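Subject: Structure handover and notes

Dear colleague,

Here is the structure I promised to pass on to you.

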Amino acid sequence: MQDRLHDIVRKLLGEGTIEYFIGYGAGSEPHRVVPCFVTSDHEVERLVWGPLCLQNLSKYVLQAKDLEGKAGVLVKGCDTRAIVELLKQHQIEREEVVVIGVACQGQVDPRTLEEVLGVPMEQVQGVEDAGDQFVVTIGEDERTVAKEQVLLGKCLYCRHPSAFEYDFTLGEIVPFSIDAGESEFAMVEELERLSVEERRAFWQKQFARCIRCNACREVCYACYCKECIFDRKMPRWLDKPPLLSENEIYHLIRAVHLAGRCIDCRECERVCPMNLPLSRLYKKVQKDIAELFDYEAGIELDEVPPLVSFELDDQDPFM
Amino acid sequence: MSDNIYLPWIATITEVRPETADTSTFVVTFDDPQLRESFTYLPGQFAELSNFGVGECPIGIASSPTWAGSLEFCVRAVGTVTNAIHDLDVGDKLGVRGPLGNSWPIEEIEGKDLLFIGGGIGLPPLRSLIHYVLDNRERYGAVEIIYGARSPQDLVYKQELKQWEEQPDVDLYVTVDAGDGTWDGPVGFVPPFLREINPTPENKVAFTCGPPIMIKLVVEALEEMGYADANIVTTLEMKMKCGVGKCGRCNIGDRYVCRDGPVFSFDQLRRIPGALEA
Amino acid sequence: MPKTRVGVFVCHCGNNIGGVVRVPEVVEDARHLPNVVCVEDNLYTCSEEGLSSIKEQIAEQNLSRVVVASCTPRTHEPLFKEACEEAGLNRYLFEFVNIREHCSWVHRHDPARATEKAKELVRMGVAKARYLEPQEEFESEVFPAALVVGGGVAGMTAALSLANQGIQVYVVEREEKLGGLVRELRTLFPTEQDTGELLSPLMEQVRGHPQITVYLGSEVENVEGFIGDFQVTVGSDGQNSELQVGTVIVATGAQELRPSGMYGYSTLPNVVTQLEFEESFKSGADLPPNVVMINCVGARVPERTYCGRFCCSTAIKNAIWLKEQDPDAKVSVLHRDVMAYGVDIEDSYRGAMELGVRFLRYDIQNPPQVLGAKRAEAVKVQHQLMGKEVILPADLVVLTTPLVPREDSERLSKMLKVPLGTEGFFLEAHLKLRPIEFSTDGIYVCGSARYPSSIPESVSQAYAAAAKAGIPIRDGSVRVEAITVFCDERTCSACGNCVEVCPFGAVELEEGKFGRIASVSVAQCKGCGCCVAACPSGAMQQRGFDDRQLLSMIGALAEGMVSGGGR
Amino acid sequence: MAVEGSETGGNGFEPKILMFACNWCSYAGADLAGVSRLQMPANCRVIRVMCSARVRPEFVITALSKGLDGVVVLGCHPGDCHYSEGNYFTRRRGLFLKKLLEYVGIEPERFQVRWVSASEGAKFADTVAEVTRQVKALGPNRPRRNAQ
Amino acid sequence: MERKKLQKSDLSRWLDRIAQEHELIGPSEDDGVIRFQPVESSAEIAVEFANSLIPPKSLFFPAVESLFSFHKRGKDIELEATEPLDRDRVVFGIRNCDVQSLSLLDYVFGQDLEDVYYQERRARTALIALACPTPPRSSCFCTTFGIDPLSSDGSDVLLTDVGDVYLVDVVTEKGEGLVSLAEDLFPGLTDDEARQLQPRPVEMKKVDISQLREKVEALWEDEYWHKMSLPCLGCGICTYVCPTCHCFDIVDVGSTLEGERYRCWDSCMYSDFALMASGENPRPTKRERIRNRYFHKFSTFPSRYGSGYACVGCARCLIHCPGGMEITEVIKDILAKESISE
């Protein structure tokens, strides 16, 4: 798969159809995969593909506007949903970007892999996809581990945009399906079963830990505003100190802005240095949007987002 | 400066003099009488003005140290804090933290002729030095002042300009970018106006302050007229926050504008990468 | 002196307010608010003396904001705004605080907490007033011409009514001739008057009227613009012409439902609709002895819930006509209910029965069946009253169907950006209060385009629509209250939310200085603020209700409640 | 009928409730309640907006986080909106926001949406009384500062 | 003071004894994140950890701290400075890289105009350092910056794990005071123990950075900064987890009637960090901001304070950067550039 990727990118760069390609590159240590911007032929070798390519690269396409020339990008099924939404929200034009879809069969969650293997990621030399298992090389020996044990949370409920014409595909794109053993919203239902006081205590504790580094905002494809209301001086929605009331406003307003836009790529949770359980907040957003308005973000290109449309017969508990 | 470098002193606004549509001079005196005497500063230094509940902003001290008792700040309403200050009235309280930063090189320029080139709201920092020089007239040579603004209404310190005009030992030249009915003086930008006047560079130090584009052109003109970089001194306007060289915001190269400046000579600035881009 | 200088005027309103709220305390509390330079209380602020004291203070204190705490803005706001304007203060630098209807009148038994509430309401009012900005009301002049879409009875009546007021009118009719649906009728209910007698004079006047230009065989291709300046493209067989009009009247009427697949229609030759009966039989074809009419075909059913309103009277008219031609003819009308509302329909219903027309009631659960392989021979129906099946011989079966919306109303509604109701007819602004206009200003509707309307109803609606459509043209200009929205092009990220939610299509995405941004057509914007709430980056703001103002009100209310309280 | 005055029972906690009222219906309904002298608790403060659709969810979140005990958004009955579609959006936003706030531990009674038409003065008064009673039972939304 | 010994099993007794006298702060974990925070007893202290996520700098220069509160009574305004500490503190488990980072911060907050808040916390806090385990975390590179993970300089007491016993080096009087709280737990070393019980040397990949400053200064105009800034998302993680970053913002929270002036962490990577009210921004795009960050660490900090580089090789930034920015790779890239025209 990796060589086919290299050929395609080399061709695209050679023909000049794209100025640069956004893909995954090897970091300084084998277990570290980082976003990699390839502009010239000799850099193509750095591009990799495998179960450790976790980032959602779609957000980087937004930078294409201020760099001249077209961009190519490698996207998994879940990342493509961001491309669909960016098209729907007029942030990119389809012909502005060359989209290479990759037949992703589930990505590894480094934290759970460490727990399952009992070995820090530093010692992992590589992870290969082997059907319903992963083959992990540690030092010299190789260990296999069942996929469903170490998958990223979102991969258990893998979803693709229904009809998206990729410019190129690596392997046959088919949604990865695996028996997750529990409903997609189990972690939300677990919290919903708690009492209001318990839920308040849970979230106040989490919001208090937030250090407001804005990583969840900067990594999120949907946060592309030129000047975010949180950075605005007048009116001042938010004060910069990470006080509890300010953190709560930050996260709740972001959740409202993600209503009907969150595509469950869970990058916000992955990059959060403080391990805030953000996917438990945004899974709730998706659950409510699905239940209330029967809508899922990033699937249909021409579907009107729920909070900017209405049905005359919407449910109305407010009579 | 109090030992807690972040704790301002309380001062009361004793007078507000509107200068232009969006600029006014605020005269403040410290509440603590003992402080009124002990507070000293040098021309070119600035202070952080606090409008409690809104924030702080760095404003140059426009009064001269030779005047006892009160400080004068020329504040333009451009940000949230300065706009809020413009909503205060005589009798309201402000926090003053300072004096901060370095000052105009008052010793080095003793005995020298002085050329002041100000643009728009660039005059207040120069004014502090001008008054200091005029109050110690004998220690300094000739004084030439070139000042320009967008329009006659945008000229600050209109009364003082008249005063300096009548003063024999001061040559004052005032221009406006665009004149109107009430203006009969020269019209044009400061840099070409400077070239017209073409003050000789011998034994002279030039001080300039104003919008970055004006400073750039003024410096080019002065260099062509033979002024050495060391003899061209300016005060930089950068985003500042703490004012005491800690918060890492106003750095140009390894200098903090709030601590090592804001007054720099141009040979200093030439040596700092990126200083002149800002 | 400070830039923002707020004057607060607290009203006693006799003892309506003063009797419960301790006004002096409210005045004292307001004195310490930021930027408040003068506070006054008067017995009746809305009195001459009260208004002049406001004007004096504006002059004396050079006030840049005025806050009046008294009754409801819905009554005296214009009065106070005039006073401010006369004193040279922009009328939008005024804020109204309601401490009567919302405070003193409803907390009569708790003066202490009513006073506390009044203080907080004044604090919120001052907090908002500090961020008010002067506004100019947008005024656009109205082009003195009107467009009428549809040349039926409704369209022609409206066109004539406008033209007779001296207004230039353009009528666009799709067919080659004026007259619309009524032209397909031979005789009119109830007088059996010949249709021509009604239509031809109308058509003559319209064709002959100097102020009316008629476009036949033409359709509206595109409509741009807003009240006072609609640019309309009319396409007639290939070539387009551009019109500029101030107001538009939609009179496109409706069409008869062709109930294919029901009761053998379109498969059995002798099963026709009322209109088809009218055309073929009334022009002298020999009349069949047995005629069975079936009413409510395709009406008052799950997929089309409304009642056609006057299809019953059409069936009665034709039944009477048949009996008059041949008294021995056996005419029966199978119905679910006879909608014989009003005077003349009830009389003709009685008359039909006297002439021997049989009215049989059937139940929707088991509707009548048309028997016959190649031709309809009989109609079997469960007779409700007698409780048994009846077979009626039938040489001709006439189906009474309701009027249904024209197929292309969707296209016209998109062009005019006006909504369609659930049944597909044009949806008026308000069922009771604004029945013949859309919520979008300058566009009106009359006749069956809105719902099946008989001729008298269409005509009266046409007069109403014409009267309404004439007003802006008479005024010559339209003033839009300055509560419209505007987009800060520096921070707009062109996500398009505002375009989706605007009920009036007043927002479009266009190329701006900083790339693509949303741009608002001030004349079309009604100032609901829905787009402002949908805008994540806060680029969209509403004059007089922007985020700064509303957030500072919330801040004033929450001040001191929690550490790090309000702004 | 609206509760007579306001009972300061229990610990004397008086909730502070913010109400957004749309200019055409609910604000007029509130005025009607005033004209009809319907007595009600003095815990609610009304902010007038042109349409209930103007109320940003961000206002509700900020108000609750800054310590207000309850927020109520009042609008016209669906179908009656002066701007024809405004309250359909209010309804959808309310549906979503209510579930989100409940999820993060804010009691459902603290954020409510109610339809009050210009002719429903009594319903406005009942709404004020009912919401005040519900919120009072819940106690303060955020620990009060002692300074108050 | 000659080297002493402490049985591993006695560690918690010593720490609990300290906790009775001073406020004990140690690395404790919640939700998988280790940070230095006050602990009631030694039980809460994590034992197996490479280093904390939030550096101990947060104990001296906290993420948010109140400078003073203000109250408006009528026209008068009263200010009341906030007390930084109420009790003396003892920090256990600090690694030597973080100890060195504090000495770098001392240059910023201790020199020229003293920052009383930082200085008081520094003065009233004792540091019990814990030598790094071998092998260290693979991403650590403190030796590159001349830091010895086993050195005791800068701390009051250093504990080095040599199996079931800690070697205890007491450095300062404060350290002596702490040890004296439980004198009996610290027997001296017999001669052969002194010979046998030696801390195992720590091997770590090392890069020669003697040329780093000149090389980076030559790159001011280089195209390199644009290309390498592309993956950066402009969030604040690298600066918030960096033990030597000291940028902050000053914000008033509250209303004009009463409130507090807070100091809180700020990040030079945020787009509006240097944005002026006039709309001008000396560092408008990521390219300038990233260049400014690495110039600060490798050029302007050393040249301003005459110190070493403002990086202690703790690797926190490269571990947590969502954009995969690795400071070690940046250093290698800078060193690899032949110095182009001066």
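This is a predicted model: local features need pLDDT of at least 70, side-chain atom pairs count only at pLDDT 80 or more; totals for chains, interfaces and linings use all residues.

For chain D the pLDDT averages 89, and 90% of its residues score at least 70. The stretch to treat with caution there is residues 1–9 of chain D, where the pLDDT is below 50, although in the model this stretch has 20 contacts beyond its near neighbours in sequence.

Chain D itself contains four helices and four strands, and when it is read from the N terminus these elements follow the order β-α-β-α-β-α-β-α. It has 148 residues, of which 72% count as buried, and it exposes about 4000 Å², with carbon and sulfur atoms supplying 53% of that area. If one takes the contacts within chain D between residues at least 6 apart in sequence, 82% of them join residues that are at least 24 apart. As for its partners, nine pairs of chains touch, and the pair with the most contacts is that of chains C and D. Chain B and chain D, by contrast, are joined by no contact, and their closest C-alpha atoms lie 16 Å apart.

After α10(C) comes Lys417(C), whose phi is positive, near 55°.

Also in chain C, helix α8 (residues 311–325) holds Asn318(C), which counts as buried because its relative accessibility is 0%. When neighbours within four places in sequence are set aside, Asn318(C) is in contact with Gln274(C), Phe277(C), Glu278(C), Lys282(C) and Met293(C).

Over all chains the structure holds 53 aromatic pairs. One of them is the tilted pair of Phe230(A) and Tyr250(A), at 5.0 Å centre to centre and with 40° between the planes. Phe230(A) lies in the loop between α8 (215–219) and α9 (244–257) of chain A, whereas Tyr250(A) lies in helix α9, so the pair ties together parts that are 20 residues apart in sequence. Both partners are buried, Phe230(A) with a relative accessible area of 11% and Tyr250(A) with one of 1%.

Elsewhere, ring pairs link Tyr6(B) with Phe60(E), Phe61(E), Phe109(E), Tyr117(E), Tyr118(E), Tyr240(E), Phe248(E), Trp265(E) and Tyr270(E) into a cluster. Over the ring of Phe248(E) sits the charged end of Arg263(E), 4.8 Å from the ring centre. A further arginine in chain E, Arg293(E), lies over the face of Tyr294(E), at 6.0 Å from the centre of that ring.

With best wishes

Conventions: Residues are numbered from 1 along each chain as its sequence is written. Chains are lettered from A and ligands numbered from 1 in the order in which they are written. Side-chain values use heavy atoms; hydrogens and water are left out. Helices (H or I, at least four residues) and strands (E, at least two) are DSSP runs, numbered from the N terminus. Buried means under 20% relative accessible area, exposed over 50%, partly exposed in between (1.4 Å probe, protein chains only). Contact means heavy atoms within 4.5 Å. Accessible areas come from the Shrake-Rupley method with a 1.4 Å probe; for residues, only the protein chains shown count as cover. Rings of Phe, Tyr and Trp (its six-membered ring) pair if their centres lie within 6.5 Å; planes under 30 degrees apart count as stacked, over 60 as edge-to-face and the rest as tilted. A charge sits over a ring if NZ of Lys or CZ of Arg is within 6 Å of the ring centre and within 35 degrees of the ring normal. pLDDT is the predictor's confidence in each residue, from 0 to 100.
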